[in-house]
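Here's a quick briefing to read alongside the model. Keep the 3D view open and follow along topic by topic.

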Amino acid sequence: MTLAELENFLSRWGKERYRARQVSRWIYQRFAEDFMAMTDLSKSFREELSRECLISSPPAERVETSSDGTEKFLFRLEDGETVESVLIPEEDRRTLCISSQVGCALRCGFCATGAMGFRRNMTSAEIVHQVCFALKRLAEKRERLTNVVFMGMGEPLENAREVSKTIAILLSQFGFGISGKRVTVSTAGVVPAMLALAEEFPVSFAVSINAPTDALRSALMPVNRKYPLKELVTVMKSIPLRSDRKVTAEYVLLGGVNDSEKDACGLARLLKGARVKVNLIPYNAHEHGDFTSPSGETVNRFRDVLLAAGIQAITRERRGGDIRAACGQLRGAAQAKTP
Ligand code: SAH
């Protein structure tokens, strides 16, 4: 629940407004998983909460650590489904990559999550729990979470309602208190939902462009038939005007498919005049796709074309590849257990 929902909920029990703030802090800032631990609430109130409410905290069934320090967590949800999140340490940052759906309906040809198809939307409680889990883990090492990215399993804007609630909690001072600048919603390009979310929250956006033409993009990403490049680039141009920040354009480099100099020139033309920064992501291999990753030389050449055209571009470092935690590799456990 967001603070507003919690206030509303508790007011029906005749509780004062500040009670909602207390409960909110216990859950999102002190990671309480049991109402009885909320010792500044009366015993009878705590008992009432325990009877009527649940603090969702799906166990992390598997924790894997990469040789580069990246950690991947596999959560088993109440109905037996599984999702993963990835905690990426950098020198001055701790970035958590979270999932918003079990599977994904968009079926981008290069993505392991897409290959499993759509199973269901995650609830805001399930999405938020990934953040609580990481925060708690970091707190044990006296570290703090700096960034949250919706770049795990699923298309966040196909689950806009629960994602929007999650963002409200991430940004709230009674929730996680993270600045919108440090929360990035990555989308395959669900245009109307992107505009609506940008209207609602000052978060950062990343758009998975992945191809310079509609023909190629539609072949790789079926969602392009619904929201073609022209519309997508138009929103990418309009969003930073509101938030005063560059939109990230993500571009998965698939060997021999979208990685030529001509493709790079096409991308540069497409993005001309947009306040964007490009993140190049060399394809991460997985057993559900048969693409190849381009050579380092090809990646650099592609980047240099963009730079020469005056477009900010970097190659995203591959993190957690040895534990299948890199971009596009998340899938959850092979088979969901029957609950
Ligand atoms: N559905 C959202 C969130 C997923 S973010 C979106 O599409 O943006 C995951 C990022 O990884 C996207 O930019 C996606 O294009 C990219 N990606 C997917 N599969 C990949 C792979 N196998 N290798 C590298 N990047 C991949």
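C97 has V149 as its bridge partner in strand 7. Bear in mind that this is a predicted model, where local features need pLDDT of at least 70, side-chain atom pairs count only at pLDDT 80 or more, and totals for chains, interfaces and linings use all residues. Residues are numbered from 1 along each chain as its sequence is written, and side-chain values use heavy atoms, with hydrogens and water left out.

**The sheet**

- That bridge belongs to the pairing of strand 4 (residues 94-97) with strand 7 (residues 147-150), which is parallel and spans three bridges.
- Two strands count as paired if DSSP finds at least two bridges between them; helices (H or I, at least four residues) and strands (E, at least two) are DSSP runs, numbered from the N terminus.
- Zooming out, 10 strands make an open sheet with mixed pairing, in the order 1-2-3-4-7-8-9-10-11-12.
- At the edges sit strand 1 (60-65) and strand 12 (312-315), each pairing on one side only.
- On average, neighbouring strands here are turned by 20° against each other, direction ignored.
- Helix 6 (residues 160-171) lies across strand 7 and strand 8 (183-187), and runs at about 175° to strand 7.
- For those angles, axes are lines fitted to C-alpha atoms (for helices, over the stretch in contact, meaning heavy atoms within 4.5 Å), and angles run from 0 to 180 degrees between N-to-C directions.

**The ligand**

- An oxygen atom of the ligand is 2.7 Å from an N or O atom in the side chain of S186.
- The protein covers 95% of the 540 Å² of accessible area that the ligand has on its own (Shrake-Rupley method, 1.4 Å probe).

**Over at D322**

- D322 sits in the segment after strand 12.
- Between D322 and A188 there are 134 residues in sequence and 25 Å in space, C-alpha to C-alpha.
- Leaving aside neighbours within four places in sequence, D322 is in contact with S66 and S67.
- The side chains of D322 and S66 make a polar contact at 2.8 Å (N or O atoms within 3.5 Å; within protein, one must be able to donate a hydrogen and the other to accept it, and residues adjacent in sequence count only if both atoms are side-chain atoms).
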